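Dear colleague,

My notes on it follow directly after.

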Amino acid sequence: MRYAAFTVDVDRDVNEPRAGTVESWCRGGAAPRYSSTREGLERLVAMLGELGIEGTFFWEGRAAEVLSERMDLKGLMRGHEVAAHGYEHEDLTGESTGVRPSEEWLDAIIGRSLSSVETVFGRRPDGFRCPYQHIDDTVARVLMQRGLLYDSTLFGDVGAGLRPYPLAGGLLEVPLAQCRESDGRKLQSYLWPMHEGRRKPDDYLRLASAHEDGLLVLADHSWHVVESLGGERGEERAEREVGKVKYVLKEMMARGIEFVTVSEHLRSNLPS
Ligand SMILES: [Zn+2]
């Protein structure tokens, strides 16, 4: 059986690392804002509702706290999986910021990330996705010690069968997907390039065709359906971008791929 999970990183708008600090800022060095992520979240959840798909949402802790002040997040996430994505969208390995948090500091960051999500949604997350896809053995161990069941940060090759595998400390990695195209380009299951006009929706159906076994994890950012990296935004753009995502998901379903949450898939495949 071929399964897929639609995952969304719900984090600050157009986030990027800043040298010298673990916390993320918004593009241009601006303090965190959440207007695009809020609008994109509502649009994506509505679209998933139309298709009857339960998604997996990786929440930045601060985004959950800020948005919950003005909207019923718990209600919005009903039926969907809630997972974690840092508290201040931290670069956990220091790869981009030059600041490498100590193990104790990592534990504090991840602890705060999980408790903020639990406070807002009343559920303890099973899963984590590392901001900027930066993970190493120390981060994986801390995630495991914090009681998480899985991480979904790294890419795996679609042809090899997309199965969870253990990282350092035994934490399960549920990989994102990638394949190599005939022209040599890499096609990856993050929808970034589609929202920047560098990939077409049909490209992702080629990734889906190469998916023969296991779980294909697609990933998107809620702000990205509303705002491009260059700052382009507006009603028309948002409708068009959500429409592209909807097309990809709908076509995958038409090809016999069943959508599940990551946690649901993992729990039903754990050895008893
Ligand atoms: Zn992120």
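The findings are set out by topic, beginning with the conventions.

This is a predicted model, in which local features need pLDDT of at least 70, side-chain atom pairs count only at pLDDT 80 or more, and totals for chains, interfaces and linings use all residues. Residues are numbered from 1 along each chain as its sequence is written. Helices (H or I, at least four residues) and strands (E, at least two) are DSSP runs, numbered from the N terminus.

Helix α1 covers residues 35-51. The expected span of a helix is 1.5 Å times one less than its number of residues.

The buried residues of α1 are S36, T37, R38, G40, L41, R43, L44 and L48. Here a residue is buried if 20 or more other C-beta atoms lie within 10 Å of its own, exposed if 12 or fewer, and partly exposed in between, with C-beta atoms placed from the backbone. The buried residues of α1 pack against β1 (2-10), α2 (61-68) and α8 (235-254); two residues are in contact if their C-beta atoms, placed from the backbone, lie within 7 Å.

The axes of α1 and α8 come within 10 Å and cross at roughly 35°. Axes are lines fitted to C-alpha atoms, for helices over the stretch in contact, and angles run from 0 to 180 degrees between N-to-C directions. The crossing of α1 and α8 is right-handed, a term used if the near helix is turned clockwise from the far one by less than a right angle, and left-handed if anticlockwise. On the α1 side, E39, R43, L44, M47 and L51 make the contact, and on the α8 side A238, V242, V245, K246, L249 and K250 do.

Strand pairing

Two strands are taken to pair if DSSP finds at least two bridges between them. Strand β4 (residues 56-59) runs parallel to β5 over four bridges, and T56 has E81 as its bridge partner in β5. In β5 (residues 81-84), E81 and A83 point one way, V82 and A84 point the other way, and all are buried.

An open sheet of three strands has the order β8-β11-β12, with mixed pairing. Its edge strands, each pairing on one side only, are β8 (155-157) and β12 (186-188). Neighbouring strands of this sheet are turned by 35° against each other on average, direction ignored. Between β8 and β11 (residues 176-180) the pairing is parallel, over three bridges, and F155 stands opposite L176 in β11.

Strands β2 and β3 (residues 21-26) pair in the antiparallel sense over three bridges, with W25 in β3 as the bridge partner of E16. They form a hairpin with two residues between them, and G20 in the turn has a positive phi of about 95°.

The nonpolar core

A nonpolar core is a set of buried Ala, Val, Leu, Ile, Met, Phe, Trp, Tyr and Cys residues joined through C-beta atoms within 7 Å. The largest one has 72 residues, of which A4, W59, L216 and V217 touch the most other members. Helix α4 (residues 103-121) gives the most to this core, with seven residues. Leaving aside residues up to four places away in sequence, W59 touches V10, A64, V82, A83, A84, H85 and V117.

Loop residues

Most residues other than glycine have a negative phi. V14, although not a glycine, has a positive phi of about 40°; this residue is found in the loop between β1 and β2 (15-18) and is buried, because 21 other C-beta atoms lie within 10 Å. Y132, also not a glycine, has a positive phi of about 60°. Y132 is located in the loop between β6 (127-128) and α5 (137-145) and counts as partly exposed, with 19 C-beta neighbours inside 10 Å.

H89 lies in the loop between β5 and α4 and counts as buried, with 25 C-beta neighbours inside 10 Å. Its contacts, not counting residues up to four places away in sequence, are D11, R12, N15, E23, S24, E60 and P131. The C-alpha atoms of H89 and W25 are separated by 8.5 Å, although the two are 64 residues apart along the chain.

Yours sincerely
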